[in-house]
Amino acid sequence: MKILKIGAIWCPECLIMRPRWLAIEKEFPWLEMPEVDVDQQPNFKKEHQIDHIPTYIFFGQNGEEIFRLKGLVEIDDLKAKILPLKDQ
């Protein structure tokens, strides 16, 4: 499973989320979690209909988008979203 993390260096919410994602990485090493900085890829926001940063797009095994989360998300809420998707 893949979670695409979309943000920017200057984004305060992205900075707050960074340690939460590091903890998720350690607990769920089977996750693929690439990051996209919207300032370095200016067309990305429009192409993927990103209206808020940070945005997190969850993808299934076949590359299909399952759902999105936006903004600050508590670590327990992240875990609750990730666990049911482990075998997808």
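Colleague: In this predicted model, does Gln49 count as buried or exposed?

Modeller: The cut-off that matters here is that a residue counts as exposed when its relative accessible area is over 50%. Since Gln49 has a relative accessibility of 65%, the residue counts as exposed.

Colleague: What is the phi of Gln49, and in which loop does the residue sit?

Modeller: Most residues other than glycine have a negative phi. Gln49 is not a glycine, yet its phi is positive, at about 55 degrees. As for its place, Gln49 belongs to the loop between α2 and β3.

Colleague: Which peptide bond is cis?

Modeller: Most peptide bonds are trans. Pro54 is found in the loop that runs between α2 (44-47) and β3 (55-59). With omega near 0 degrees, the cis bond is the one from Ile53 to Pro54.

Colleague: What is the handedness of the crossing of α1 and α3, and how many nonpolar, polar and charged residues does the contact have?

Modeller: The two helices, α1 and α3, cross in a right-handed sense. On the α1 side the contact is made by Met17, Arg20, Trp21, Ala23, Ile24 and Glu27, and on the α3 side by Ile75, Leu78, Lys79 and Ile82. Sorted by class, the contact of α1 with α3 has 7 nonpolar, no polar and 3 charged residues.

Notes
Residues are numbered from 1 along each chain as its sequence is written. This is a predicted model: local features need pLDDT of at least 70, side-chain atom pairs count only at pLDDT 80 or more; totals for chains, interfaces and linings use all residues. Side-chain values use heavy atoms; hydrogens and water are left out. A crossing is left-handed if the near helix is turned anticlockwise from the far one by less than a right angle, and right-handed if clockwise. Helices (H or I, at least four residues) and strands (E, at least two) are DSSP runs, numbered from the N terminus. Contact means heavy atoms within 4.5 Å. Ala, Val, Leu, Ile, Met, Phe, Trp, Tyr, Cys and Pro count as nonpolar, Asp, Glu, Lys and Arg as charged, and the others, Gly among them, as polar. Buried means under 20% relative accessible area, exposed over 50%, partly exposed in between (1.4 Å probe, protein chains only).
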